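Here's a quick tour of ring contacts and charge pairs, for someone who likes the cut-offs spelled out. Have a look at the model first.

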Amino acid sequence: MSLSVASTVLALAISVISLATSAVVSARQLRLANNSNVLPVVVELFRETRQPEFSRAIEYISSDLAREHSPESGYRSLPDEALRRIRLVGLFYDDVGKLVAHGVVDERLIIGSYGPNIVNMWEVLAPYFYRERELTTKAMVYFEDLAHRARTRPQARIHSELRLEASPPPPPPRQ
């Protein structure tokens, strides 16, 4: 091999390595930029679910809604307090479902955090939403998609994929 061919091959190899390195660094910077844009949204989502009103709405839907109100008229005709609680939870998960469906937020973050609650809330609220769809308009489709994702990809599986570790408390000291 002549010296000019060797130097051409070396220059080509350096160029390919530089291009690959550039692509990897660019992809990482793009991912970091996207994460920094999404971070305020994620923080706000987490903040919303920590509000006492949200917790009370979850509790009401879980324990009292079906006992107090039939889904036969949908949900929009329910008394104001029940309607407010359903909207608080339903619209929250519908909006989160939009973010997941459009790839704005990684579904592993949402299902890993809220998976069982998403499924439970959907199971209670689905009859109200399905009836509402028959009566008026197709409501809560993103919530439904999110519930399907959470049901088919359980929280425990996501925790396992993320390799979340357990740290049980130490045994009590011996007396």
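Two rings of Phe, Tyr or Trp (its six-membered ring) count as a pair here if their centres lie within 6.5 Å; planes under 30 degrees apart are called stacked, over 60 edge-to-face, and the rest tilted. On that basis, F46, F54, Y75, F92, Y93, Y114, W122, F129, Y130 and F143 form one aromatic cluster. Across the whole structure, the search turns up twelve aromatic pairs.

Some ground rules: this is a predicted model, so local features need pLDDT of at least 70 and side-chain atom pairs count only at pLDDT 80 or more, while totals for chains, interfaces and linings use all residues. Residues are numbered from 1 along each chain as its sequence is written, and side-chain values use heavy atoms, with hydrogens and water left out.

**Rings**

Take F54 and Y93, an edge-to-face pair with 6.3 Å between centres and 70° between planes. F54 sits in helix 2 (residues 52–63) and Y93 in helix 4 (residues 80–101), so the pair ties together parts 39 residues apart in sequence. Helices here are DSSP runs of H or I with at least four residues, numbered from the N terminus. Both F54 and Y93 are buried (buried is under 20% relative accessible area, exposed over 50%, partly exposed in between, with a 1.4 Å probe and protein chains only).

Y75 and F129 are edge-to-face too, at 5.2 Å centre to centre and 85° between the planes. Y75 is in the loop between helix 3 (65–68) and helix 4, and F129 is in helix 5 (residues 107–135), so this pair ties together parts 54 residues apart. Y75 and F129 are both buried.

Arginines get involved as well: the charged end of R85 sits over the Y60 ring, 4.5 Å from its centre, and that of R133 sits over the Y130 ring at 4.7 Å. The test is NZ of Lys or CZ of Arg within 6 Å of the ring centre and within 35 degrees of the ring normal.

**Salt bridges**

A salt bridge needs a side-chain nitrogen of Lys or Arg within 4 Å of a carboxyl oxygen of Asp or Glu. The structure holds 16 of these salt bridges, including the following.

| Salt bridge | N to O distance |
|---|---|
| E132 and R76 | 3.8 Å |
| D95 and K98 | 3.1 Å |
| E107 and R153 | 3.1 Å |

E132 is in helix 5 and R76 in the loop between helix 3 and helix 4, 56 residues apart. E132 is buried at 2% relative accessibility, whereas R76 is partly exposed at 36%. D95 and K98 both lie in helix 4, three residues apart, about one turn. Salt bridges that share partners join E107, D145, R149, R153 and E161 into one network.

Notes:
Helices (H or I, at least four residues) and strands (E, at least two) are DSSP runs, numbered from the N terminus.
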